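Colleague: I'd like to learn how to read ring contacts and record annotations in a model like this one. Could you walk me through it?

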Amino acid sequence: MKNAVIGNNKQKANLIVLGAVPRLLYLLQQETSSTELRTECAVVLGSLAMGTENNVKSLLDCHIIPALLQGLLSPDLKFIEACLRCLRTIFTSPVTPEELLYTDATVIPHLMALLSRSRYTQEYICQIFSHCCKLRHWHSCGFKSSPQPLLCANGPDHQTILFNHGAVQNIAHLLVSTSYKVRMQALKCFSVLAFENPQVSMTLVNVLVDGELLPQIFVKMLQRDKPIEMQLTSAKCLTYMCRAGAIRTDDNCIVLKTLPCLVRMCSKERLLEERVEGAETLAYLIETDVELQRIASITDHLIAMLADYFKYPSSVSAITDIKRLDHDLKHAHELRQAAFKLYASLGANDEDIRKKIIETENMMDRIVNGLSESSIKVRLAAVRCLHSLSRSVQQLRTSFQDHAVWKPLMKVLQNAPDEILVVASSTLCNLLLEFSPSKEPILESGAVELLCSLTQSENLALRVNGIWALMNMAFQAEQKIKSDILRGLSTEQLFQLLSDSDVNVLMKTLGLLRNLLSTRPHIDHIMSSHGKQIMQAVTLILEGEHNIEVKEQTLCILANIADGTTAKELIMTNDDILQKIKYYMSHSNAKLQLAAMFCISNLVWNEEEGSQERQDKLRDMGIVDILHKLSQSSDPNLCDKAKTALQQYLA
């Protein structure tokens, strides 16, 4: 049976159809079976698992994992190794839920105990751990600041379980094993354990193996004379430890060793898989650090080197080898995705680097094409790259305009999964800034409706981006656009956003209101139709438990309303609001005092109709006494503002 199925998927499938698996599992579990027989059963099952994914599904349906885990309790080492080899094959298959390793709490401690039995148990167990501690996918959530990775369900839990059962201590000494395979699997295990995990990373930094600290061992494994797989994986370990805060970004092991090693992996000499992994890891390493971005951008002509990632597959007619063509096609989209990701990280903060990226051959065309790729990963990476470059005022005015980038971007926004929507809407926020030439055509293509719908999303990042983009859109906009925004949002939705539990949403909504209520005719027009609701919202926020910034922004909105010709009456006839302004004039925080003073200045300005009545009412409330006090303030801004307001009374 064993000889029949080795390397023959057809025979494997035939045996499974004939019902061999339940029989093999029966013999494997029988106490009366000899150890040799049970070992042979585990070997055949392992061979069947090496076939197609359907084979693995059939084995899982027959409950092979509990049977093999039970087999690990045997005293016989050869049988244990055969069971582990089969488990390794099953757990490395993408169809196996990694949770199956954690359903019985006794399994992990038992595997830790088996680590010392032989080099095979070490190799297989480390491999099982690496595959059953799923990495969370790294992609940014689309805020304009540095992106945060989005978490996937099980990462930290698996890391924590393995860490708590002594994975670091049990695996560390395997890094100096005489077996290359054991060293390699231990290294892979650490890269998975350290990813996005400060607790594991901080522990790794201080672990000693044969008198050497782990980071020093990782650096040795980075050297050019080591196998590429080892260089790449140790670079990952150091990258993840650095991103988790355990190693400083200016540490020599990062700047002089890890970063150059990863740039090396991007070169033409490397295999396509290595170039993908090198670029993605480098993108992650430099993503939030400006200095590392600058160093990477001038290392080995990296920006030009990445342009080569878009040249696969090379022309089909030139390739006679079908296998090579298949290989190139398979990796083409992975290469493009990796290049876009790395360009996005490189250009995140520095204007000169962005300029270099955009000047790379056909770069804007490549990004625009990337936005409509069939692969969702390439689309996401292309949007991220566009988002990074859209932070440049210069590029928004030139390249973005020349290539009408807004068109494919709006198309992406019409129908995309949330992860793409988040980054695409972040990019749209930048394209809607008032100096961007794309602002007009975006408005004409129905952006108001789209953005208003985003503000109703359950996804927080989408709500923030929707309202942020509307805020940018409303800045110095025409009255019609402002009316469209208010109509599109509806009063109910505006209240919803103003009572959002997230402070980012609240601040951006207040920013939107402030931009809507600017220039006198607009203020009067909006307040004549929405005055009651807006005053109600302002009152709610000033009465609520909010931070200084929120209150300051709200008082600035009131100051804008006080600047209206007819709108200011909505404040003067609202004693509750007037008392609040008076209260904030004497507040302990100077920012709030100043914002309240702007309201008063606008209300008492004597060149405007009805100023006498307003001044009298405010004097009766004791406002003038507070102004006299503030004119003696040590804060020069408050002092000036108070004196200016008092002059209005004297004029």
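Predicted model: local features only at pLDDT ≥ 70, side-chain atom pairs only at ≥ 80, totals over all residues.

Colleague: On to the rings. How many aromatic pairs does a search of the whole structure find?

Modeller: Seven aromatic pairs turn up. For the geometry, planes over 60 degrees apart count as edge-to-face. Phe 190 and Phe 218 have ring centres 6.4 Å apart and planes at 65°, so that pair is edge-to-face.

Colleague: Which parts of the chain does the pair link?

Modeller: Distant ones: Phe 190 belongs to helix H12 (residues 180-194) and Phe 218 to helix H14 (residues 214-221), 28 residues apart.

Colleague: Is Phe 190 buried or exposed? And what about Phe 218?

Modeller: Buried means under 20% relative accessible area. Phe 190 has 0%, so Phe 190 is buried. Phe 218 is also at 0% and therefore counts as buried.

Colleague: Which residues do ring pairs link into a cluster?

Modeller: Phe 195, Tyr 240 and Tyr 284.

Colleague: And where do charged ends sit over rings?

Modeller: Take Arg 119: its charged end sits over the Tyr 120 ring, 4.7 Å from the centre. Likewise, Lys 508 has its charged end over the ring of Trp 468, 4.4 Å from the centre.

Key. Residues numbered from 1 in each chain as written. Heavy atoms only, no water. Phe/Tyr/Trp six-rings, centres within 6.5 Å; stacked < 30°, edge-to-face > 60°. Helix = DSSP H or I, 4+ residues; strand = E, 2+ residues; numbered from the N terminus. Buried < 20%, exposed > 50% of the residue type's maximum accessible area, 1.4 Å probe, protein only. Lys NZ or Arg CZ within 6 Å of the ring centre and 35° of its normal.
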